[in-house]
Amino acid sequence: MINFYAPTIGLATILGFALGALVYFHKPQTITKIRWALFSCAASSWNLGYFISLISPNHAVSIVASRVSHACGALSPITYLHFVLVLLGLEKKRKRFLFWAYVYSFALLFFSLTPLVVKDVVPKQGIRFYPEWGPLYIAYALTYLALMGYTWVLMIKAMKRYVGVEQLRIIYLFISSLIGFAGGMSLFLLIFNREISPYGSILIVLYPPIMVYSIIQHQLMDIEVIVKRT
């Protein structure tokens with residue numbers, strides 16, 4: 001299992017950091033690109049921690065890497081939501097919600113560094129060290145689902161408002177995020193001791209190429225022009 005799983009997560013980490021850097025250093029540096037880079041950093045750091053946890057032969061290193069990974073993962077949904085709100089020109093309207101969502105997410109980040117989220121790392125399905133859920137892991141997973149679900153609702157509503165190329169850009173963003181985060185969700189099942197191998201993690205690798213295509217082919221990061229035109 002680890003022969004498949006670890007390289008997959010490792011590749012997703014490299015692609016994620018590379019895509020974040022590509023967008024951030026591309027001129028001009030807009031608030032949209034900065035928000036994207038912050039999300040990319042959080043998600044890729046989550047993958048990196050998972051990768052280290054999987055390949056480490058040492059239990060102590062593995063559990064620290066897993067907890068740091070989950071701490072970074074606690075910021076992935078909120079940074080992605082913030083990116084989408086900026087992208088669609090809704091940041092100011094959701095300012096209060098964003099503030100409390102960040103407060104909650106940072107609290108979750110802190111708890112992720114304790115046994116309350118990842119209680120331990122133990123052998124599962126041939127993987128040497130895999131997270132074992134703690135008392136707050138359900139809240140962790142539900143937060144992931146709630147924030148991403150809200151983000152997808154916003155994107156679906158935006159699809160109905162726009163037409164043509166503008167609509168196509170949002171569709172690509174929606175599909176790529178659905179694929180990437182579905183891959184991330186597949187990791188939760190084995191953590192909760194559901195005997196389902198995390199082969200869905202391969203979807204995480206598909207996310208960066210789809211985003212690169214939408215950025216280059218459809219100028220996704222120029223979508224703020226749509227908001228100004230509207």
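User: Is Y144 buried or exposed?

Analyst: This is a predicted model, and the values discussed here are computed from it. A residue counts as buried when its relative accessible area is under 20%. The relative accessible area of Y144 is 3%, so Y144 is buried.

User: With which residue does W46 form an aromatic pair, and what kind of pair is that?

Analyst: A search of the whole structure finds eleven aromatic pairs. In one of them, the ring centre of W46 lies 5.7 Å from that of its partner, with 70° between the planes. Planes over 60 degrees apart count as edge-to-face, and the pair is therefore an edge-to-face one, formed by W46 with Y144.

User: How many residues apart in sequence are the parts that this pair of W46 and Y144 ties together?

Analyst: W46 is buried, because its relative accessibility is 6%. W46 belongs to helix 2, whereas Y144 belongs to helix 6, which covers residues 137-161. The pair therefore ties together parts whose separation in sequence is 98 residues.

User: Which residues do ring pairs link into a cluster?

Analyst: The aromatic pairs found in the structure number eleven. Ring pairs also join several residues into a cluster, and its members are W36, F39, Y80 and F83.

User: How far apart in space are C72 and W46, C-alpha to C-alpha?

Analyst: C72 sits in helix 3, which runs over residues 59-73, and at 22% relative accessibility C72 counts as partly exposed. Leaving aside neighbours within four places in sequence, C72 is in contact with A42, S45 and W46. Along the sequence C72 and W46 are 26 residues apart, but in space their C-alpha atoms are separated by 5.2 Å.

User: Which residues does S45 touch, if those up to four places away in sequence are not counted?

Analyst: S45 is part of helix 2, and its relative accessibility of 18% is why S45 counts as buried. Once residues up to four places away in sequence are set aside, the residues that S45 touches are F17, S69 and C72.

User: About how much accessible area do F17, L48, I52 and V61 have together?

Analyst: L48 lies in helix 2, which covers residues 31-55, and L48 counts as partly exposed because its relative accessibility is 34%. Together with F17, I52 and V61, L48 forms a nonpolar patch on the surface, and the accessible area of these four residues together is about 290 Å².

User: How many of the residues of helix 4 are buried?

Analyst: Helix 4 takes in residues 76-87, and at 1.5 Å a residue it should span 16 Å, which agrees with the 16 Å between its end C-alpha atoms. Its buried residues include Y80, H82 and F83. Helix 4 is mostly covered, and the number of buried residues among its twelve is twelve.

User: How far is the C-alpha atom of A182 from that of I204?

Analyst: A182 lies in helix 7 and is partly exposed, because its relative accessible area is 36%. Not counting residues up to four places away in sequence, A182 touches S177 and L203. A182 and I204 are 22 residues apart along the chain, yet the distance between their C-alpha atoms is 7.9 Å.

User: Which residue forms a salt bridge with E132?

Analyst: The structure holds one salt bridge, and both of the residues that form it, E132 and K124, are buried. The closest N and O atoms are 2.9 Å apart, and the partner of E132 is K124.

Technical notes. Residues are numbered from 1 along each chain as its sequence is written. This is a predicted model: local features need pLDDT of at least 70, side-chain atom pairs count only at pLDDT 80 or more; totals for chains, interfaces and linings use all residues. Side-chain values use heavy atoms; hydrogens and water are left out. Patches are made of residues with over 30% relative accessible area and no salt bridge: like charges are joined within 9 Å, nonpolar side chains (Val, Leu, Ile, Met, Phe, Trp, Tyr) within 5 Å. Accessible areas come from the Shrake-Rupley method with a 1.4 Å probe; for residues, only the protein chains shown count as cover. A salt bridge is a side-chain nitrogen of Lys or Arg within 4 Å of a carboxyl oxygen of Asp or Glu. Helices (H or I, at least four residues) and strands (E, at least two) are DSSP runs, numbered from the N terminus. Buried means under 20% relative accessible area, exposed over 50%, partly exposed in between (1.4 Å probe, protein chains only). The expected span of a helix is 1.5 Å times one less than its number of residues. Rings of Phe, Tyr and Trp (its six-membered ring) pair if their centres lie within 6.5 Å; planes under 30 degrees apart count as stacked, over 60 as edge-to-face and the rest as tilted. Contact means heavy atoms within 4.5 Å.
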